[in-house]
Amino acid sequence: MKTLIISFAVLVFSFVSYSQQENEKQLRPLKNNFSLELDFIPFSQNSPINLNAFRGRFFFNENMALRIGFNYRHKKNQYEEPASVPDDVMLFDETSEKYNVYGISAGFEFHPLKSKRISPYFGLDINYETKSSSATFKEYSYEYVYPDNYIYKLHTTEIENAWGVIQYNPYGYSYYERAYNSFGINAVIGVDIYIIKHLYMGFELGLGYNSITYKDVEIKIDNELDKKFPKYKENNSGLNVNNAIRLGFWF
């Protein structure tokens, strides 16, 4: 990880040194150019490049750009554990949990400064995100039958639109992987720093409003409805800070 960060720093320094010799070249995008960017997180414990989200821009001219973004996340847990049955029987309980998140955003940017290397901007962004979640648990139970026999039964619990119970609240149990639909609107401000032609880095923050509607949760045991929790909505507003460095290319 440290080697990767050092290599990136050397690369950036090389780009900056090289660009100082090419002042006559155009560094920033103009009319009909595109840009594609992703998040660079140099001190992340995982990958320093976030491949779950992409953003693109189309420049109508040097000052105005249309922006669009897409993000996707997926997680799945699947494992087996020995069932709590007599030791001479090899049966396994099964757990399967998963979620998928899809999001899309669109907006515009205005770049008022005609600087060659630094381009601050402000704009507006609208985003929509949806998350699906589900879980299935298969567990064995047994019943003793005199004199020394057992009857084994497999029970299946299915949870739609959630998994991972935390605590009980007025809307039912609280799940940290509950499915939802989210809509938001943000006023954004940021800056692009052009290192060499076709390569830039940047920062951005926003101030906006977000509305999240959590979906109905249904729990079925052996294919029969056991519990159902209704959907509910929460709204929040405030400052949105992107802690990552925006790393982009334009062409």
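**Basis of the entries.** I am working with a predicted model, in which local features need pLDDT of at least 70 and side-chain atom pairs count only at pLDDT 80 or more, while totals for chains, interfaces and linings use all residues. Residues are numbered from 1 along each chain as its sequence is written, and side-chain values use heavy atoms, with hydrogens and water left out.

**Valine 217.** I noted that valine 217 counts as buried because its relative accessibility is 0%; buried means under 20% relative accessible area, exposed over 50%, and partly exposed in between, with a 1.4 Å probe and protein chains only. Leaving aside neighbours within four places in sequence, I listed the contacts of valine 217 (heavy atoms within 4.5 Å), among them Ile159, Tyr175, Arg178 and Phe229. I also looked up tryptophan 163, which is 54 residues from valine 217 along the chain, and the C-alpha atoms of the two are separated by 9.5 Å.

**Nonpolar cores.** I then turned to the cores, each a set of buried Ala, Val, Leu, Ile, Met, Phe, Trp, Tyr and Cys residues joined through side-chain atoms within 4.5 Å. The largest has 14 residues, and Ile159, Tyr175, Val217 and Ile219 have the most contacts inside it. At least two residues of this core come from each of β4 (92-110), β10 (199-214) and β11 (217-221). Apart from this core I found another, of seven residues, which include Ile195, Leu199, Met201 and Leu247. For isoleucine 219, not counting residues up to four places away in sequence, I recorded contacts including Thr157, Ile159, Tyr175 and Leu225.

**Salt bridges.** How many salt bridges does a search of the whole structure find? I counted 13, a salt bridge being a side-chain nitrogen of Lys or Arg within 4 Å of a carboxyl oxygen of Asp or Glu. In one of them arginine 57 pairs with glutamate 109, the closest N and O atoms being 2.8 Å apart. Arginine 57 lies in strand β2 (residues 49-59) and glutamate 109 in strand β4, so this pair ties together parts that are 52 residues apart in sequence. Both partners are buried, arginine 57 with a relative accessible area of 5% and glutamate 109 at 2%.

I looked next at arginine 246 and aspartate 192, whose side chains meet in a salt bridge of 2.7 Å, N to O. Since arginine 246 lies in strand β14 (residues 245-250) and aspartate 192 in strand β9, the pair ties together parts that are 54 residues apart in sequence. Arginine 246 is buried at 1% relative accessible area, and aspartate 192 is buried at 0%. The network of linked salt bridges that I traced includes Arg57, Glu109, Asp192 and Arg246.

**Surface patch.** Finally, I looked up a nonpolar patch on the surface, which has about 1,000 Å² of accessible area together and includes Ile68, Phe70, Leu124 and Tyr209. Such patches are made of residues with over 30% relative accessible area and no salt bridge, with like charges joined within 9 Å and nonpolar side chains (Val, Leu, Ile, Met, Phe, Trp, Tyr) within 5 Å; accessible areas come from the Shrake-Rupley method with a 1.4 Å probe, and for residues only the protein chains shown count as cover. Leucine 124 lies in strand β5 and is partly exposed, with a relative accessible area of 32%.

Terms used:
Helix = DSSP H or I, 4+ residues; strand = E, 2+ residues; numbered from the N terminus.
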